[in-house]
Amino acid sequence: MELQTIEDKDYKGKRVFLRVDFNVPLENGEIIDDTRIRAAIPTIEYLLQKGASLVIASHLGRPKGKVDPGLSLKIVARRLGDLIGKEVKFVSDCIGPEVKKAVESLKIGEIILLENLRFHKEEEEGSEDFAKELSSLADCYVNDAFGTCHRKHSSVYGITKFFDNIAAGYLIKKEVSALSKLLENPEKPFLLILGGAKVVDKIGMIKNLLDKIDTLITGGVMAYTFIKAKNWEIGDSKVEMEAVPLAKEIIKEINKRHLEFHTPLDHIIADKISPDARYFATERGTIPHNWIGVDIGPQAIEEYTDCINRAKTIFWNGPMGIYEIDAFAKGTLEIAKAIGKREDAFSVIGGGDSAAAVNKAGVADKISHICTGGGASLEYLEKGTLPGIEVLKK
Ligand code: ADP
Ligand code: MG
């Protein structure tokens, strides 16, 4: 089955329900990063150019099914309007007679943004009635909210069966093409770099990738969980205890497949997690009593850089250390820079913090693909598809 995309469809004179991910970070009622709004613009402009009018819908934050004025999409409508140099109308709900009236008066080339879908609890429950209500606002359906495709929410999943004309936008198309390239015939050697804090959440993805990769290198809490699984000393380093048995299983699988596998040869250890901590590099891969592993050490950086230099395909998820503190950011930034130098390899970054680290290292434009949806991209790599993507196939 093939993913249907907007390039396959006709939009002339059509009113399109466009589901996007405008879940932007807010601070004191202001948008502090509009990357997600910008990411939807290619699809918006394409649809308008093809003669459509647009009914755009999104969620914002976690209002838990109640109206929360602090999570209104009204400011997003204004920002989108500024970015595309065009009026973006706004309506203060996403269903109901007032919304119906507003969308019915839309002319070709006009845009209206609906209020936060998650002000209705039915959205996250995946209610079919709610999906049907939403679908009654338009003739066609386009989804470009990749970051929500792992959820069976009404506006990404149930809604699709009420339309004949459904398609994925450019953002979903781009994500799917990068992630499926990792899963289907990746050029070898394929290096998987794992770090960060959430270990249990990533086990499914790791298991699925073991059959594709040649090398696995680890940092962060991920590494300490593997080191703990080898029964080595990790001092007071943070570890996910419930993931230790899973890490043991993975080590067995790695050995069965004769994969190259590394935990850090050395570490930066600190007496506390704070910018004014005392810290130094260990000589070995174990961590002494009372000390906390906060970054990979210089020998590990060298070894990992060598792995990166040999790879043809690279997927990186999770920082190598507590990169939010400058003194513990070196490992993460060096890994980012090393990947940035491999413009001849196919490199993909998944995870919000990993993406932030790549930006901090100033190499974002040297990476083949940076995933926009953390949870969605991990689930895609685990299962090879997502519920919200399956329903866009024909
Ligand atoms: P991503 O968002 O890229 O998927 P995660 O959310 O899993 O990554 O992990 C990022 C977090 O992991 C960061 O906040 C970072 O400080 C933390 N982290 C990395 N290494 C360590 C460590 N050694 N000890 C504690 N936290 C760590
Ligand atoms: Mg994170």
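1. Asn28 is placed in the loop between strand 2 and strand 3, where strands are DSSP runs of E of at least two residues and helices are DSSP runs of H or I of at least four residues, both numbered from the N terminus. This is a predicted model, in which local features need pLDDT of at least 70 and side-chain atom pairs count only at pLDDT 80 or more, while totals for chains, interfaces and linings use all residues. Residues are numbered from 1 along each chain as its sequence is written, chains are lettered from A and ligands numbered from 1 in the order in which they are written, and side-chain values use heavy atoms, with hydrogens and water left out.

2. Asn28 is exposed, with a relative accessible area of 79%; here exposed means over 50% relative accessible area, buried means under 20%, and partly exposed lies in between, with a 1.4 Å probe and protein chains only. Gly29 lies in the loop between strand 2 (26–27) and strand 3 (30–31), and Gly29 is partly exposed, with a relative accessible area of 47%. From Gly29 to Leu137 the separation is 108 residues in sequence and 29 Å in space, C-alpha to C-alpha.

3. His258, in the loop between helix 9 and strand 11 (260–262), has a phi near 55°, a positive value in a residue other than glycine, and at 71% relative accessibility His258 counts as exposed. Lys188 and Pro189 are joined by a cis peptide bond with omega of about -5°, and Pro189 belongs to the loop between helix 6 (170–183) and strand 9 (190–194). As background, most residues other than glycine have a negative phi, and most peptide bonds are trans.

4. On charge pairing, the structure holds 22 salt bridges, a salt bridge being a side-chain nitrogen of Lys or Arg within 4 Å of a carboxyl oxygen of Asp or Glu. Side chains of opposite charge can pair when their charged atoms come close. One of these bridges joins Asp34 to Arg38, with the closest N and O atoms 2.9 Å apart; Asp34 is buried at a relative accessible area of 12%, whereas Arg38 is partly exposed at 47%.

5. Which helices does the salt bridge between Glu249 and Lys207 tie together? The closest N and O atoms of Glu249 and Lys207 are 3.1 Å apart. Glu249 lies in helix 9 (residues 244–256) and Lys207 in helix 7 (residues 203–209), so this pair links parts that are 42 residues apart in sequence. Glu249 is partly exposed, with a relative accessible area of 39%, and Lys207 likewise counts as partly exposed, at 38% relative accessibility.

6. Arg342 and Asp344 also meet through their side chains in a salt bridge, at 3.0 Å from N to O. Arg342 counts as buried at 7% relative accessibility, while Asp344 counts as exposed at 57%. Elsewhere, salt bridges that share partners join Asp211, Glu253, Lys256 and Arg257 into one network.

7. A patch of positive charge gathers Arg62, Lys64, Lys66 and Arg151 on the surface. Patches are made of residues with over 30% relative accessible area and no salt bridge, with like charges joined within 9 Å and nonpolar side chains (Val, Leu, Ile, Met, Phe, Trp, Tyr) within 5 Å. Arg151 lies in the loop between strand 7 (140–143) and strand 8 (166–168), and at 42% relative accessibility Arg151 counts as partly exposed.

8. Thr160 also has its place in the loop between strand 7 and strand 8, but Thr160 is buried, with a relative accessible area of 7%. A polar atom of the Thr160 side chain lies 2.8 Å from the backbone oxygen of Tyr157. In the loop between strand 6 (111–114) and helix 4 (121–125) lies Asn116, which is buried with a relative accessible area of 1% and whose side chain reaches the backbone nitrogen of Arg118 at 3.0 Å.

Note on methods:
Areas by Shrake-Rupley, 256 points an atom, 1.4 Å probe, with all protein chains shown as cover. Lys, Arg positive; Asp, Glu negative; His and termini not counted. Charge placed at Lys NZ, Arg CZ, Asp CG, Glu CD. Polar contact = N/O pair within 3.5 Å; in protein donor to acceptor, adjacent residues only side chain to side chain.
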